[in-house]
Amino acid sequence: VSTQSTGSDTETMGKRVQIYHIAVTRHSDGVSVASLPVDKGLSSKNSCDRIVNDSIKDIRDKTRVRQGVPFAYDYHENGARVGVFWDAETNAVFTAIAAPAATSQWLKTLVQRLRDDFVEAASVDRIDSSSENGLKKDFEQSTKKTVTSFQEDPDHVLQVQKVKASLNEVREITLENISQQLERSQNIDDVNAKSDDLLNFSTQFKKDSKEARCKALRNCILMYVLGFVIVAIVLVVILAALGVFNK
């Protein structure tokens, strides 16, 4: 089936967007641990089980879907819109199939919310060991509120998501600014510490220089005195030899 990514992230979708089917599939063996028709008639009419299987095949063929990055596309055979999220933590693939009115951003947000809701209810170990549809009840209960809100007021959901994204961006900028201020403060403290060390070194050097000058002066005076004594002794010896003292 030929598919391609379409849909504007900014267009509105009206008052209601129908979700046909949601599913969680284990990537390692392709087993759907939870496959839930939100609308049984539309799910069957749009062959949603086959779409889920095609999404897994698409991931294994490594054509478009990447791990950790939500993806949305048109399923051309019936006009349905598909959102897929291959989660790195659980190694499970979350799929949502909806009416053609669904936008790409709405689908990407939906599959990520389905993942968050489901992981709170089912651990990674349970997903790894579950049989086919073994976690269907957990999936239905944990995602019921999300499915209802996304269907009944899709534009509001997107607006909330945009506000959250803006708040997260502001939070990241604020944290970065705080980090930079702390780094500058640390740099100032380092400069002050080095200045104190330099001041202490200069003070000690001045003290040592003064002591060295005093010691050199004492040694110089001592040498002059010693020289004078030696000269005096030599003169006395010479005069004694000449018999000066005998006369």
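Two residues are in contact when heavy atoms lie within 4.5 Å. By this rule, and not counting residues up to four places away in sequence, V24 touches V31, S32, V33, A34, A92, V93, F94, F118 and F139. The model is a predicted one, in which local features need pLDDT of at least 70 and side-chain atom pairs count only at pLDDT 80 or more, while totals for chains, interfaces and linings use all residues. Residues are numbered from 1 along each chain as its sequence is written, and side-chain values use heavy atoms, with hydrogens and water left out.

V24 also belongs to the largest nonpolar core. Such a core is a set of buried Ala, Val, Leu, Ile, Met, Phe, Trp, Tyr and Cys residues joined through side-chain atoms within 4.5 Å; buried means under 20% relative accessible area, exposed over 50%, and partly exposed in between (1.4 Å probe, protein chains only). The core has 26 residues, and those with the most contacts inside it are I19, I22, V24, W106, L110, F118 and F139. Two or more residues are given to this core by each of β2 (19-26), β3 (32-37), β6 (92-98), α3 (104-121) and α5 (136-152). Helices (H or I, at least four residues) and strands (E, at least two) are DSSP runs, numbered from the N terminus. Helix α3 supplies the largest share of the core, 6 residues. A second, separate core has 18 residues, among them A23, I59, V65 and V84.

Strand β6 also holds T95, which is buried, with a relative accessible area of 1%. Leaving aside neighbours within four places in sequence, T95 is in contact with H21, I22, A23, V52, S55, V82, G83, V84 and V111.

The aromatic rings may be considered next. Rings of Phe, Tyr and Trp (its six-membered ring) pair if their centres lie within 6.5 Å; planes under 30 degrees apart count as stacked, over 60 as edge-to-face and the rest as tilted. The count comes to 5 aromatic pairs. F94 and F118 form an edge-to-face pair, 6.2 Å centre to centre with 70° between the planes. This pair links F94 in strand β6 to F118 in helix α3, 24 residues apart, and both residues are buried. W106 and F150 form a tilted pair, 5.8 Å centre to centre with 55° between the planes. Here W106 lies in helix α3 and F150 in helix α5, 44 residues apart; both are buried. Finally, ring pairs link F94, F118 and F139 into a cluster.
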